[in-house]
Amino acid sequence: MSATPQAVLTKRLHAALVACGLPPERGEVTAAADTRFGDYQANAAMVLAKEAKTNPRELAARIAGYFEAGDICLKPEIAGPGFLNFRLKPPWVSGQLRALADEARCGVSATKNPLRIIIDFSSPNIAKPMHVGHIRSTILGHALARIARFAGHEVVTDNHLGDWGTQFGKVLHGWKHLLDRDALERNPIAEMTRLYREVNALEQTDPAVHKAAREELVKLQQGDPENRAIWEQLVDLSWAEFAGIYEKLGVDFDERLGESFYHPALAPLVDQLLAAGTAQISEGAACIFFPDIPALTEKPCLIRKSDGGFLYATTDLATIEYRIERWDPQAIWYVAGAPQQLHFQQVFAAARRMGVGTQLEHVAFGSILGEDHKLMKTRSGDNVPLRDLMDEAVSRARAMIEAKNPELPAEEKEHIARVVGLGAVKYAELSQHRMSDYVFSWSKMLSLQGNTAPYLQNAYVRVRSIFRKLGSELGSVQEVVLTEPAELALAKKLLRFGEIVPLVLQDFRPNLLANHLFETANAFHTFYEACPVLKSGGVTEHSRLVLCAATARVLKQGLDLLGVQVPERM
RNA sequence: GCGGCCAUAGCUCAAUUGGAUAGAGCAUCUGACUACGGAUCAGAAGGUUAGAGGUUCGAGUCCUCUUGGCCGCACCA
């Protein structure tokens with residue numbers, strides 16, 4: 001396993017700090033903010049000088065004196081108030097690139113601290129269509145799962161389906177009185193949604209309907225065989241629809257334990273919490289209070305309604321107990337929208353009150369906005385069904401390919417349309433900071449210019465085109481000599497891949513990886529213009545082919561971590 | 001009212017968690033096409049980081065306040 005430049009420099013900086021009698025843990029090396037200053041930089045002298053109340057530039061000079069640059073980089077330069085700047089030597093970069101070419105993990109070392117992590121994401125509701133509201137959780141959760149796994153963590157993905165709730169009383173009532181079998185046959189989700197809406201509307205004016213729907217729900221929860229059988233059909237029909245969407249998106253789950261799975265555990269859990277004094281009855285409801293947490297003093301976590309029903313939080317707590325019992329994870333990540341922050345704060349606080357030590361993280365994200373900058377809706381004001389959105393992505397990509405490359409075989413065009421269209425949707429989400437509200441724009445995400453999936457896919461395609469022209473793959477790797485600025489800039493970008501991937505998990509930010517891939521593609525295009533590959537001859541040609549092969553592998557691997565595929569042609 | 005999240009180029013967004021002269025892409029302007037895919041590249045222009053204080057060698061980033069926006073806030077999930 002070859003170490004990244006950052007890791008190599010950090011190790012040497014630590015040695016230099018120890019030699020100076022300084023604590024090594026502050027000796028962080030980061031990529032230089034500006035390549036004019038070098039390739040990497042360290043702020044250690046300024047940080048340590050502050051603590052020791054000495055002159056930072058003098059301290060930097062002492063550290064630099066002990067730094068063993070060897071054949072890796074030039075002697076560190078001291079700049080500004082006390083920055084240490086490192087410039088990598090071209091022969092060393094060449095050697096590292098050669099090593100990267102033989103390295104299956106593209107320079108990403110496995111974490112030294114592997115965790116067992118449960119990732120809870122997607123979680124659509126049964127008997128309702130999956131819509132844009134679910135897409136961010138699905139795509140972000142899936143990408144984080146892939147990245148965490150690649151980084152060496154043990155990951156369990158769980159789709160916590162909304163398959164148990166008050167909506168079923170309404171749907172059951174509708175099923176028994178208003179069901180249109182033909183419509184159900186044609187489009188099950190649409191028919192289920194219609195039933196829900198009609199009953200909901202009737203309830204507003206007719207208290208008898210409200211009462212009837214409630215009774216259906218109670219019967220279901222008490223295990224009435226007829227209602228149970230209908231409910232199972234609802235689940236199966238919905239899941240068939242979801243599974244089709246997940247299959248197209250290339251998303252899968254290790255588990256799909258919905259809310260219903262935990263239903264039997266809810267009553268005992270609440271009783272136990274009441275008996276232990278963790279929860280109290282207040283205004284008829286069972287609650288957990290947090291007098292010691294300022295933000296939650298007035299916001300107790302309700303776990304049983306005064307009518308005896310259970311809540312979202314109850315299920316979540318039972319789910320935590322189950323997951324700990326079954327997997328004993330070190331962390332559980334919930335990929336859910338920012339509006340649910342209070343809920344997770346309450347649930348996490350309640351879990352801690354129950355003695356849960358597992359790290360619990362709400363991976364929050366912003367909303368998807370339409371081009372009018374309001375929450376994305378259809379013209380009639382409904383949520384946009386995910387299936388329609390995906391179909392449109394594919395058909396727009398298909399039109400693009402048809403215009404650019406009409407001579408490709410029909411089957412390949414269809415494949416490319418899927419890879420490009422769905423890749424564009426995913427990448428558009430992931431290339432954005434997760435907390436920002438994100439404006440959905442077909443023309444931007446499908447553009448071949450800028451930070452988009454098609455641009456990156458195209459960069460990959462161009463590399464592959466070189467090997468097609470060459471008539472063979474790279475073959476065995478020989479000596480690599482890089483001298484041109486464009487070659488070295490690209491090589492350094494490629495070597496940084498191993499530094500970026502772990503960074504993504506530090507704060508759940510796939511956009512850092514997306515940005516880095518974009519920079520890599522840019523560096524490749526610059527290289528491509530400046531440095532002819534084929535027919536350059538000898539060591540130069542071989543070195544450039546090694547660069548090309550490494551570029552293709554890093555782009556493919558990086559996009560794969562984001563859940564985006566690459567075509568060979570487009 | 002209380003709380004959370006935000007506010008960066010005309011537009012859409014970054015900024016490796018406190019580092020150097022705040023970066024990209026669209027759009028605009030100027031160049032490069034007998035090209036390994038121009039689906040590209042090179043360059044120009046564009047900023048008081050909403051505003052005001054504070055912390056320190058150093059702030060888009062941390063603290064306080066103000067303005068403006070989105071979202072939550074006891075029996076939906």
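The model is predicted.

**RNA strand B**

RNA strand B is surrounded by 75 residues. The closest are Asn85, Lys305, His433, Arg462 and Arg509. By residue type, the surface near RNA strand B divides into 34 nonpolar, 24 polar and 17 charged. Helix α19, residues 510-530, gives the most to this surface, with nine residues.

| Protein side | RNA strand B side | Distance |
|---|---|---|
| Asn85, side-chain N or O atom | base nitrogen | 2.4 Å |
| Glu283, polar backbone atom | base nitrogen | 2.9 Å |
| His433, polar backbone atom | phosphate oxygen | 2.5 Å |

**Helix α15**

Helix α15 runs over residues 410-430 and has 21 residues. From first C-alpha to last, α15 reaches 30 Å. That is close to the 30 Å expected at 1.5 Å a residue. The helix has a kink of about 25°, centred on Ala424. Because 15 of its 21 residues are buried, α15 is largely enclosed by the rest of the structure.

**Gln167 in helix α6**

Gln167 lies in helix α6, which covers residues 167-178. Is Gln167 buried or exposed? Gln167 is buried, because its relative accessible area is 11%, under the 20% cut-off. Setting aside neighbours within four places in sequence, Gln167 is in contact with Asn125, Ile126, Gly162 and Tyr196.

Notes. Residues are numbered from 1 along each chain as its sequence is written. Chains are lettered from A and ligands numbered from 1 in the order in which they are written. This is a predicted model: local features need pLDDT of at least 70, side-chain atom pairs count only at pLDDT 80 or more; totals for chains, interfaces and linings use all residues. Side-chain values use heavy atoms; hydrogens and water are left out. Helices (H or I, at least four residues) and strands (E, at least two) are DSSP runs, numbered from the N terminus. The expected span of a helix is 1.5 Å times one less than its number of residues. The bend at a residue is the angle between axes fitted to the seven residues ending there and the seven starting there. Buried means under 20% relative accessible area, exposed over 50%, partly exposed in between (1.4 Å probe, protein chains only). Contact means heavy atoms within 4.5 Å. A residue is near a molecule or strand if one of its heavy atoms lies within 4 Å of it. A polar contact is a pair of N or O atoms within 3.5 Å; within protein, one must be able to donate a hydrogen and the other to accept it, and residues adjacent in sequence count only if both atoms are side-chain atoms. Ala, Val, Leu, Ile, Met, Phe, Trp, Tyr, Cys and Pro count as nonpolar, Asp, Glu, Lys and Arg as charged, and the others, Gly among them, as polar.
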